[in-house]
Amino acid sequence: MANKLLLQGVQPVPNNIAAAGGSLTLKIRLVTTDGPATATVTCAVAAGLPYKITQGASSAHSVGKTSKTISQPIVIKKSGSGSADLIKIEVLASIPGDTKQKGSCVVVIKNALALAVAEFRESNELSQSALAERLGVSRSPISRIERGNAASQEVLVKIAELLDE
């Protein structure tokens, strides 16, 4: 039976990535179903975003019978014009010679504001609705900001004042 490779629980270690880029370590869980294998993990910034991975884009890892959690440091740099509030990193794991068995997922790195708002809200045990009520706005701009999307100047000013308290 051929090895089947699964890619699970890909997530960044908490680390703010500025819009200009920066370093990040991904925690990746590789799972094999049929004995040891060597898997290649490849990371790439999603197409259309003005960023690229300049270090650590690909590495090989030995995986035992069951699973292995690996840390893969990568460095992201801005590579073109334009900006993006979200940096999407596509992660692909494959076993050499087996083109059918691959695992992949997308890691979304939010901008610094998105992380700050989410961390503030979670540390104060507030839901998005409760934070919105505290700011005197609807829940949708809070949700948009935490996803890395734009918000009105009025909402941004209220958030900045709240974070400065």
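This is a predicted model: local features need pLDDT of at least 70, side-chain atom pairs count only at pLDDT 80 or more; totals for chains, interfaces and linings use all residues.
Where in the fold is Gln72 placed? The residue belongs to strand β6, which covers residues 67-78. Is Gln72 buried or exposed? Gln72 has a relative accessibility of 2%, so this residue counts as buried, the cut-off being under 20%.

Let me turn to the surroundings of Gln72. With neighbours within four places in sequence set aside, the contacts of Gln72 include Leu24, Thr25, Leu26 and Ile28.

I now move to the chain as a whole. The chain holds eight strands and four helices, and their order along the sequence is β-β-β-β-β-β-β-β-α-α-α-α. Of the 165 residues in the chain, 38% are buried. Among contacts with a separation of 6 or more, 61% join residues 24 or more positions apart. The accessible surface amounts to about 8900 Å², with carbon and sulfur atoms contributing 50%.

Finally, I consider a pair of helices. Helix α2, residues 128-135, packs against helix α4, residues 153-164, at an angle of about 100°, and their axes are 10 Å apart. The two helices are therefore roughly perpendicular, a term that applies from 65 to 115 degrees. Which residues make this contact? On α2 they are Leu131, Arg134 and Leu135, and on α4 they are Lys158, Ile159 and Leu162. Four of the residues in this contact are nonpolar and two are charged, with no polar residues.

How values were computed. Residues are numbered from 1 along each chain as its sequence is written. Side-chain values use heavy atoms; hydrogens and water are left out. Buried means under 20% relative accessible area, exposed over 50%, partly exposed in between (1.4 Å probe, protein chains only). Contact means heavy atoms within 4.5 Å. Accessible areas come from the Shrake-Rupley method with a 1.4 Å probe; for residues, only the protein chains shown count as cover. Axes are lines fitted to C-alpha atoms, for helices over the stretch in contact, and angles run from 0 to 180 degrees between N-to-C directions. Angles under 35 degrees count as roughly parallel, over 145 as roughly antiparallel, 65 to 115 as roughly perpendicular and the rest as oblique. Ala, Val, Leu, Ile, Met, Phe, Trp, Tyr, Cys and Pro count as nonpolar, Asp, Glu, Lys and Arg as charged, and the others, Gly among them, as polar.
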